[in-house]
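I opened the file and kept notes as I went. The entries follow the order in which I looked things up.

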Protein chains: 2
Amino acid sequence: MARQGSRSTSFDVAALAGVSQASVSRAFSGSASITEETRQRILEAARKLNYVPNSIASSLTTKRTNIVALILGNLGNPFYVHVLHRFSQKLQAQGRQVLTFTVDPGAESDEAILHLLKYQVDGVILAAAQLSTRMTSICHDRGIPIVLFNRYIPGSDASGVRCDNAAGGRLIAEAFLRAGARSFAMITGDPKGTTSQDRVRGFVERLLEEGIRRSDLIAIPGLSSYEGAAEATYETFAERKLPLPDALFGINDIMAMGAIDTLRYRMGVRVPEDLMVAGFDDIPEGRRLPYQLTTVQQPIEAMVDEALDILHLDDPSRPIERGIDRPIAGQLIMRATIAQPPPRPRRARR
Amino acid sequence: MARQGSRSTSFDVAALAGVSQASVSRAFSGSASITEETRQRILEAARKLNYVPNSIASSLTTKRTNIVALILGNLGNPFYVHVLHRFSQKLQAQGRQVLTFTVDPGAESDEAILHLLKYQVDGVILAAAQLSTRMTSICHDRGIPIVLFNRYIPGSDASGVRCDNAAGGRLIAEAFLRAGARSFAMITGDPKGTTSQDRVRGFVERLLEEGIRRSDLIAIPGLSSYEGAAEATYETFAERKLPLPDALFGINDIMAMGAIDTLRYRMGVRVPEDLMVAGFDDIPEGRRLPYQLTTVQQPIEAMVDEALDILHLDDPSRPIERGIDRPIAGQLIMRATIAQPPPRPRRARR
DNA sequence: GCCCGTCATGCATGCGTATTCATGTTTGCG
DNA sequence: CGCAAACATGAATACGCATGCATGACGGGC
């Protein structure tokens, strides 16, 4: 057995197999021309030595690391866990590695970017917070493509993939209106994030079109988390005693769930009988029996595919696609948190 | 602006700053001796060129990548999401990167290991499935330390960090008994995993000590997931119509939650009035209002620290610690899913 | 049977940085 | 003020692999 720390190189394998180091390289590259017989001899020698090619070294010459960076904020939102999972599966299946960064929600991703630049990653997937345009151009200048996931950054030429959040917000508003709601609350997420902004905007637009007055619409900051939404809900309706609206829109599912639990278990409010609720994302957790949350489904699969497509990892020579922002339509999923039949006339506010 | 793909090297910086490449290297290494003045000049030149040191290249000479591999199964269990988060935070704070692998639950990790060997990672954290002893020794021979998280592998000399699962299982049994339970069910996880085995063993041992008969104890395989546990619970008690026991032990919180929801919302069983439930892990989700799950807390923070300690990434020259298995005690967290006062005599079984 | 094309293989070099060794320079102390 | 020691710096080399180029072997077509 080799002593600790010893790692055999292609030279060791070459010596044992009686060939040159170049042949060893060719035996493992797969593409280069080499006789099947010598190839087998080399693989046999490699097996004996427990040889594993050093990707670090090969990256130095090929200028490809086969590493993709994934920057995540807010792992408290299961949506991003599923995103991580999907990307991980797809990339591993392609023989690529995932370098994961977590950044505090709300924090800049710039520092993370700086770190991964050092590792010469082949691409960056950003599913968190903000990114300065300076960082974007630094990456682009170095030939590293970036794709924003579930967000876009106005004025940036970073490409992005996202759900059509404004349209989704309208779908929710529509569903509430159809069920007879006339007064509303929204639990909002990161005020700097376009995702939350767009969902709110679409939602509000549709309501205003329908003649809902602004005074019948309140916004509650929910910090994009279960706990934040739960606390904000209690604070608003129990402590400050604002009247309950007919319907409450959680800008994402996890916040809607936090609100529902607080309403039901701390305040004795029935959902949907006393108050309708809807979320956004369609995380599997929202489908569970206690919630059966009405929501807008984000087509994760399609978004992930589209994101990888934009990175075009397979063809580094192709120029980086800049400024792409193709929103994908989300789909309304009616479940149990909106009363299906138009309900009886709801009590007047105040 | 540089054209796409251009990356300046230490030579470019050296030329601009009027020094040698060696000095540039020293300016960035932090430790080497260099005049503060020339250092500033170099940093200034580097800034102008958007120079970022190439970690890939430096790894080639230093034989350290500052990359740690994290292998995860079952991201559907929030426990491992929190594990990922903690490791990620700690390692990033140390200036290290996390290379994430996800493997299908139940699958071998061997292939993942093979991939990360190519990347010369400084250490491996395994929080998934099985690992062959062959892989362990390959890693160890190459000087790559491995630490198993929340599991151990009998006969392997890989070190591990885990909660004292058997003792935890006993704690749950004890709590059930104290509350007056005399018949029991367990929802078990991966039958090959020591984690599930140990929890079951401790739980059963304690019950048998108390004179509970084996016929008053059933085991239900729950696939380690919310959905698996939910389905298994329904299948067992609703379809096969086995009598409800007094108490049900979900081998982990997420399965306990799946069981609770099924009992309450598909079967009309009250928890804890009709049936007590406990879990294991103390995931934040189990603390939420609808569950308030009684459980055994795994000290994640301490386990993560211990795991990183075993890897001793700071001192690669220290020999790899083999075969360490220091179970850390878990703590019983009484919440609402076990009736606190000894309940009224429970109805007889059958 | 000869010539040229095809292919397997080896040699040599480059990728970007860290580090050793040698050299020149400054500092400290008597 | 002088000498040694500490220090700043540059030149050269190694890290492990991929690849362009050269060479030699082999085969096919006429």
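**Entry 1: where the chains meet**

I began with the contact between the two protein chains, in what is a predicted model. The contact takes 46 residues from chain B and 46 residues from chain A. I then listed the elements of chain B that give two or more residues to the side touching chain A. They are helix 4, helix 5 (78-93), strand 2 (97-103), helix 6 (110-118), helix 7 (133-141) and helix 11 (253-266) of chain B. Which of these gives the largest share? Strand 2 of chain B does, with six residues. Sorted by class, this side of chain B has 21 nonpolar, 18 polar and seven charged residues.

Strand 2 came up again when I looked at pairing. Strand 2 (residues 97-102) of chain A and strand 2 of chain B run antiparallel and are joined by three bridges. One position I noted in this pairing is A:Thr100, which stands opposite B:Val98.

**Entry 2: how the copies are related**

Next I laid chain B on chain A.

**Entry 3: the DNA strands**

Helix 2 of chain B has the largest share, six residues. The classes on this surface are nine nonpolar, 15 polar and two charged.

For DNA strand D I counted 25 surrounding residues, the closest being A:Ser10, A:Ala22, A:Ser25, A:Ser58 and B:Ser33. Helix 2 and helix 4 of chain A and helix 2 and helix 4 of chain B are the elements that give two or more residues here. Which element gives the most to this surface? Helix 2 of chain A does, with six residues. The residues near DNA strand D divide into nine nonpolar, 15 polar and one charged.

**Entry 4: the nonpolar core**

I asked how many residues the largest nonpolar core has. It has 206, and those with the most contacts inside it are A:Ile71, A:Ile125, A:Phe176, B:Leu70, B:Ile71, B:Ile125 and B:Phe176. I picked B:Ile71 and listed its contacts, leaving out residues up to four places away in sequence. B:Ile71 touches B:Phe101, B:Val103, B:Ser109, B:Ala112, B:Val124, B:Ile125, B:Leu126, B:Ala127 and B:Ala128.

**Entry 5: strand 5 of chain A**

I then looked up the partners of strand 5. Strand 4 (residues 146-149) of chain A runs parallel to strand 5, with three bridges between them, and A:Val147 stands opposite A:Ser159. Strand 11 (residues 325-328) of chain A also runs parallel to strand 5, joined by four bridges. In this pair, A:Arg162 stands opposite A:Pro327.

Last, I went through the backbone angles. The peptide bond from A:Val271 to A:Pro272 is cis, with omega near 10 degrees. A:Pro272 lies in the loop between helix 11 (253-266) and strand 9 (276-278) of chain A. In chain B, the bond from B:Val271 to B:Pro272 is cis, with omega near 10 degrees.

A:Ser224 has a phi near 60 degrees, a positive value in a residue other than glycine. I placed A:Ser224 in the loop between strand 7 (217-221) and helix 10 (226-239) of chain A. Is A:Ser224 buried or exposed? A:Ser224 is buried, because 25 other C-beta atoms lie within 10 Å. For B:Ser224, phi is near 65 degrees.

Notes. Residues are numbered from 1 along each chain as its sequence is written. Chains are lettered from A and ligands numbered from 1 in the order in which they are written. This is a predicted model: local features need pLDDT of at least 70, side-chain atom pairs count only at pLDDT 80 or more; totals for chains, interfaces and linings use all residues. Ala, Val, Leu, Ile, Met, Phe, Trp, Tyr, Cys and Pro count as nonpolar, Asp, Glu, Lys and Arg as charged, and the others, Gly among them, as polar. Two residues are in contact if their C-beta atoms, placed from the backbone, lie within 7 Å. Two strands pair if DSSP finds at least two bridges between them. A nonpolar core is a set of buried Ala, Val, Leu, Ile, Met, Phe, Trp, Tyr and Cys residues joined through C-beta atoms within 7 Å. A residue is buried if 20 or more other C-beta atoms lie within 10 Å of its own, exposed if 12 or fewer, and partly exposed in between; C-beta atoms are placed from the backbone. A residue is near a molecule or strand if its C-beta atom, placed from the backbone, lies within 6 Å of it.
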